[in-house]
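Have the model open in your viewer and let's walk through it together. We'll go from the overall picture to a few local details.

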Amino acid sequence: MPAPALAETDVPQAATPTAIDLREEFETSGVKDVLAELDRDLIGLAPVKRRIRETAALLLVERARRRMGLAHETPTLHMSFTGNPGTGKTTVALRMADLLHRLGYIRKGHLVSVTRDDLVGQYIGHTAPKTKEILKKAMGGVLFIDEAYYLYRPENERDYGQEAIEILLQVMENQRDDLVVILAGYAQRMDRFFESNPGFRSRIAHHIDFPDYSDDELLRIAEQMLDQQNYLFDTKATAAMADYIARRRAQPHFANARSIRNALDRARLRQANRLFESAKGPLDAEALSTISAEDITASRVFALKPGKGASK
Amino acid sequence: MRITQGAFSFLPDLTDDQIRAQVQYCIDNKWAVSLEVTDDPHPRNTYWDMWGHPMFDNPDAAALMLELNACRKLYGDRYIRVVAFDASHGWESVKLSFIVNRPADEPGYRLERQETAGRMIRYTTRPYAADKPAGARYG
């Protein structure tokens, strides 16, 4: 018996277009806005932006081909983001979800960010339902697995991580229409992870490497962060911050933009303290929102000899 | 005899795409969707077995389709329905339910008439399928 389609699921089939204006597609699909936003909001990361542009172009062309009946399979969209901590991987993943959503490759465009703890269970039979629960939540969007290499623990062959990996691989292969998986982590450890799990490497089409920020970029990031919180540096503080960044980089556990954010949080703390202790009358808005050099130079980083810790 | 319970049951069976669209509609209305299974098709049998948990926080219908396919693998010879539960205050009840899988062969019901005092008749409907023990009723 032929099943007549229900009205609400009946998608009218548009006639196959004979020509597609990519420029117009680029503007109407909203991809242009996402890329412009990316350029505006994210400082530095030139190679990453270039890769995203290329990926967007590929997907746009692929979509045009599909509409003309030239392509039928969904391209593999799973990605791996490698780079040091604080280089903007999560932020870019959010933008990527938005981009894929606007291009129509994912239906909802939300990002579910998880780590090993969210996927791997604690006892036998716990992992599969846990992983599936997360996968179901991520369907129609992007699953972002931070520090993905922790899933695989070669030193313990009974580790449940392997089970999560198998389920992930299966879904990445069979339900490419339903979700996009982005793996993220340090470059070297990701490489080792891919070596020991060749299934992942072959299912991931786009490898994007996130470079460290330069000192200059970090200073601009600091200014942008402050601006978003309605704070500003005075001129001396800007110089002090530049000095701070150079010194902080030489210290261990330097996490790029994240270190800067933490430093700013501490500077705000010191600024508040300074105002509280030194203010002798009413304060105006400018005084309340200005970070001065002494708020930054009070950091312990300045107490250490420059260059210490760089040699490990 | 084709069982008609829940929404859409007088229509031809929904295709997977149609099921997906209906489920997406439920999710977009913030209803929690879930699957239930039974092999006792009596209309008064309201308590079907749950398949997994109700999905309160999955934004896309693909999640339910994944479970539906898993459920069909195991219980493809039974009745499976989608239940959409509205948890909002004042409703707290099922807003929509429809059958998404049925056995290949549906034997229907026997109507029993019991004659009682004063020429009165009591009627009982009994699914033929329920003559067999649970779990061995279809296929």
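**A walk through the model**

Chain A has 15 helices and seven strands; these are DSSP runs numbered from the N terminus, with helices being H or I of at least four residues and strands E of at least two. A quick word on ground rules: this is a predicted model, in which local features need pLDDT of at least 70, side-chain atom pairs count only at pLDDT 80 or more, and totals for chains, interfaces and linings use all residues. Residues are numbered from 1 along each chain as its sequence is written, while chains are lettered from A and ligands numbered from 1 in the order in which they are written.

Taken along the principal axes, the C-alpha atoms of chain A fill a box of roughly 85 × 55 × 35 Å. Among contacts in chain A with a separation of 6 or more, 80% come from residues 24 or more positions apart; a contact here means backbone-placed C-beta atoms within 7 Å.

Now zoom in on a helix pair. Helix H2 (residues 31–41) of chain A packs against helix H4 (residues 89–102) of chain A at an angle of about 165°, and their axes are 9 Å apart. The axes are lines fitted to C-alpha atoms over the stretch in contact, with angles running from 0 to 180 degrees between N-to-C directions. H2(A) and H4(A) are therefore roughly antiparallel, the term for angles over 145 degrees. On the H2(A) side the contact is made by A:Val31, A:Val34 and A:Leu38, and on the H4(A) side by A:Arg95, A:Asp98, A:Leu99 and A:Arg102.

A:His253 isn't a glycine, yet has a positive phi of about 60°. You'll find A:His253 in the loop between helix H11 (235–250) and helix H12 (256–278) of chain A. A:His253 is exposed, with 9 other C-beta atoms within 10 Å.

Chain B has a case too: phi of B:Phe8, also a residue other than glycine, is positive and near 60°. B:Phe8 sits in the segment before helix H1 (16–28) of chain B. With 18 other C-beta atoms within 10 Å, B:Phe8 is partly exposed.

Finally, over residues 4–103, chain B is 27% helix and 31% strand, and the end C-alpha atoms are 13 Å apart.

Key:
Parallel < 35°, antiparallel > 145°, perpendicular 65-115°, else oblique. Contact = placed C-beta atoms within 7 Å. Buried ≥ 20, exposed ≤ 12 C-beta atoms within 10 Å, placed from the backbone.
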